[in-house]
Amino acid sequence: MAEHHNIIVIGSGPGGCTAGMYTSRANLDTVIFEGMQPGGQLMITTEVENFPGFLDGVQGPEMMDILRKQAQKFGAKSIYESIVKVDFSARPFKVWNGSDKEYTADAVIISTGATAKLLNIPSEQKYWGRGISACATCDGFFYRGKEVYVVGGGDTALEEANYLTNMASSVTIIHRRQEFRASKIMVDKVKSNPKIKFALDSVVDEFLGETVNGFPSLNGIRLKNVKTGELRDVHADGCFIAIGHRPNTSVFADYLTLDAEGYIVTAGKSTYTNIPGIFACGDVQDHVYRQAIAAAGSGCAAGIDAERWLMENK
Ligand code: NDP
């Protein structure tokens, strides 16, 4: 026998928690499937200084704990499982967890986010959040007057490099070949920026660091020239990995319209997907802003969209 709820929210970052807060506050029986990484990307962030309302900043995990509790306060229930299969072909919508348990819902809000692609070398995890980041807008401010590196040759990497020149003393782009994947206008922009240097035909061989106050802290990068094999160590205060994101949409691909990069397509300014009753919010449908506050904002919109849709489609 399937377990039924008015609203199933899949994903528990700022988008999912905010959506769940709105629907439970509207007196709709709501469950939030927290997934593999409860709290989403902010759980692997350290300090968040740009979420309105936290004058002195807040640690990412602490903020997610607050957002979850705020949703629970109005009755949303957290289920610490992932959804591995869905059937959106008819109402009520069906979803299954990893143990093949079936849940049904009158409306579903998807907020499964996007995952930053990583280099997957052991030292990357060691210094993650302690010199290594995947978001210049989030963490660039911590590198005022510092020497930073950006890995990648696409529009994101070049845009982040440009942005970082507003605070860092120098920015070096590490790219594995000579030509950039980024648009010509972005390439021209970084090439004419005197603060930006290049380490081309190069990859990160290893991140280097020291222990500060008992914690690992990045202080260098071992670069490898892919053509000559030459290794060289450079000083680095920070490194931003910008080699792309992967939206977490594979489970929904049979039902929902995705764009060329796999993000869920939503209609206009709304959170409506191509299936009435299925809504999407946060980074899973936004590859432009990718900010916690933007995800929370679209989570609010998804909560309201779902509530109004259910009123009209009882
Ligand atoms: P992209 O996939 O476009 O670029 C990823 C870059 O990372 C490539 O240069 C790639 O190298 C490099 N890379 C991938 N894997 C590795 C690895 N393991 N080691 C080293 N380097 C690696 O991702 P983006 O996030 O830059 O962009 C995604 C989409 O969003 C694009 O369509 C882009 O145009 C768009 N975008 C648009 C913006 C705008 O218009 N303002 C801003 C940001 C993004 P290689 O080139 O050799 O494959």
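1. Two strands are taken as paired if DSSP finds at least two bridges between them. On that basis, this predicted model contains an open sheet of 5 strands in the order 10-17-11-12-13, with parallel pairing. Strand 10 (132–133) and strand 13 (196–199) stand at the edges, and because each has a single partner strand, one side of each is left without a neighbour in the sheet.

2. The pairing of strand 12 (residues 170–174) with strand 13 is parallel and runs over 4 bridges; Ile173, for its part, has Phe198 in strand 13 as its bridge partner. Helix 5 (residues 155–164) packs on this sheet, where it touches strand 11 (147–151), strand 12, strand 13 and strand 17 (238–241), and its direction makes about 165° with that of strand 11.

3. Arg68 is buried at 11% relative accessible area, whereas Asp65 is partly exposed at 29%.

4. In helix 6 (residues 184–191), Lys184 and Asp188 are 4 residues apart, and therefore separated by about one helical turn; their side chains meet in a salt bridge of 2.8 Å, N to O. Lys184 is exposed, with a relative accessible area of 62%, while Asp188 is partly exposed at 37%. Elsewhere, salt bridges that share partners join Glu34, Asp65, Arg68 and Lys69 into one network.

Note on methods: Residues are numbered from 1 along each chain as its sequence is written. This is a predicted model: local features need pLDDT of at least 70, side-chain atom pairs count only at pLDDT 80 or more; totals for chains, interfaces and linings use all residues. Side-chain values use heavy atoms; hydrogens and water are left out. Helices (H or I, at least four residues) and strands (E, at least two) are DSSP runs, numbered from the N terminus. Contact means heavy atoms within 4.5 Å. Axes are lines fitted to C-alpha atoms, for helices over the stretch in contact, and angles run from 0 to 180 degrees between N-to-C directions. Buried means under 20% relative accessible area, exposed over 50%, partly exposed in between (1.4 Å probe, protein chains only). A salt bridge is a side-chain nitrogen of Lys or Arg within 4 Å of a carboxyl oxygen of Asp or Glu.
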